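Here is a friendly walk through one protein structure, written to be read with the model open beside you.

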Amino acid sequence: MSEQGIVTDIQRGSLRDGPGIRTTIFLKGCPLRCLWCHNPEAISPRPQLFFTEDRCVRCGACAWACPKDVHQVRSGSHEIDFGKCDSCALCVDECNSNGLRIVGKAMDVDAIMAEVMADMDFYLNSGGGVTLSGGEPLFQHSFSLEILRRSQQAHIHTCVETSGFVAPAKFEAVLPAVDLLLFDYKATTDEDHRSFTGVSNQQILVNLDAAYQLGKAIILRCPIIPGLNDTTDHFRGIRALDQKYPRLRGIELMPYHDFGNSKRPSIGLAETPLDLRVPGETEPNRWLEALAELGCAKVRIG
Ligand code: SF4
Ligand code: SF4
């Protein structure tokens, strides 16, 4: 039997996760806690209950089905004690309104590859391939590695979207199976990185350097969050990496969006403590201009 892992979603026909038409596999589990996380349901490595309040008609079927007393449904209210849930899905099966689902399911590499191979013609015609995303895909290291190796054996282009926060030995072990890295760059100083994501950037920078020195194709992906890291100092940090690593394939600015915040209550997380602002329509162009003034030309909006 092939290696098994926990998958949040598989998106076929993706145009945003690397070159050409791609199949993007979202893996569960992430060691970072980015304040702006847009996939909070991918943080926990385990399957978990997801509640869509708009769909709930307060019928109470879930409360009857649940052996753990997780749901309290009264007229006009539905409270969920997520901490008691073991993701058995008995309540999901009883909900006729699609108000409940389990995010994350166990799949083996054979099943993943069957989905990946189904779009082979699209990859060949568009220069596309397979992308691992998350969460942090390298959190499930051996599972990711097997998907990447099997894809390369089938002559499919491989891409990994990573925070770079992984033990250097594990990171280097995966590099031969990666054709293109989409490597996050979230903050320039270690202090900011710790405060925005909960972890240091030291190991991340070591991994970025190792990938570059090994000649890997890298696109730097920079989430830009107004009020947090849309600063001249951070833009100078991006420019410094551009100078240090002239063979970078590109630098993409990823403007903040707030989809993630609305999902947090659905999995029992409190809303983020910061009231983060979505950038205005013209703001990303001003970031591009600021970077151009600093001499950073290969940057674009991702
Ligand atoms: S079964 Fe579905 S619709 Fe009924 S109370 Fe539970 S979540 Fe709401
Ligand atoms: S998934 Fe299982 S334990 Fe969790 S709320 Fe539903 S029935 Fe209860």
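## Two ligands and their shells

One definition first, for sorting the residues around a ligand: Ala, Val, Leu, Ile, Met, Phe, Trp, Tyr, Cys and Pro count as nonpolar, Asp, Glu, Lys and Arg as charged, and the others, including Gly, as polar. Please keep in mind that this is a predicted model. With those classes, the shell around ligand 2 divides into nine nonpolar, two polar and two charged residues. Which residues come nearest to ligand 2? Of the 13 residues around it, these are C66, C85, C88, A89 and C91.

## The nine-stranded sheet

Now to the sheet. It is open, has nine strands and mixed pairing, and its order is β7-β1-β2-β8-β9-β10-β11-β12-β13. At the edges are β7 (105–108) and β13 (299–301), each of which pairs on one side only. From one strand to the next, the twist averages 30 degrees. As a reminder, strands of a sheet pair through backbone hydrogen bonds, either parallel or antiparallel.

On one side, β8 runs parallel to β9 and is joined to it by four bridges; here V130 stands opposite T158 of β9. Four bridges also join β9 (residues 157–162) to β10 (residues 180–184), again in parallel, and V160 has L181 in β10 as its bridge partner. Because five of its six residues are buried, β9 is largely enclosed by the rest of the structure. Helix α5 (residues 141–153) lies across β1 (4–14), β2 (22–27), β7, β8 (129–133) and β9, running at about 155 degrees to β9.

How far apart are the end C-alpha atoms of α8? They are 17 Å apart, which agrees with the 16 Å that twelve residues should span at 1.5 Å a residue. The buried residues of α8 are I204, N207, L208, A210, A211 and Y212, and what covers them includes α6 (168–174), β10, α7 (190–197), β11 and α9. After α8 comes G215, with a positive phi near 80 degrees.

Helix α9 (residues 232–244) passes the length check as well: its 13 residues should span 18 Å at 1.5 Å a residue, and its end C-alpha atoms are 18 Å apart. Its buried residues are H234, F235, G237, I238, R239, L241 and D242. An α-helix has 3.6 residues a turn, so residues three or four places apart point the same way. The cover over the buried residues of α9 includes α8 (202–213), β11 (217–224), β12 (250–255) and α11 (283–293).

## A tryptophan in α11

Is W287 buried or exposed? This residue of helix α11 has 4% relative accessibility, so it counts as buried, the cut-off being under 20%. Leaving aside residues up to four places away in sequence, W287 touches I224, P226, D230, F235, L253, P255 and P279. One of these, F235, is also among the buried residues of α9. For a sense of distance, W287 and I156 are 131 residues apart in sequence and 35 Å apart in space, C-alpha to C-alpha.

Conventions:
Residues numbered from 1 in each chain as written. Chains lettered and ligands numbered in written order. Predicted model: local features only at pLDDT ≥ 70, side-chain atom pairs only at ≥ 80, totals over all residues. Heavy atoms only, no water. Helix = DSSP H or I, 4+ residues; strand = E, 2+ residues; numbered from the N terminus. Expected span 1.5 Å × (residues − 1). Buried < 20%, exposed > 50% of the residue type's maximum accessible area, 1.4 Å probe, protein only. Contact = heavy atoms within 4.5 Å. Pairing = 2+ DSSP bridges. Axes fitted to C-alpha atoms, helices over the stretch in contact; angles between N-to-C directions. Near = heavy atom within 4 Å.
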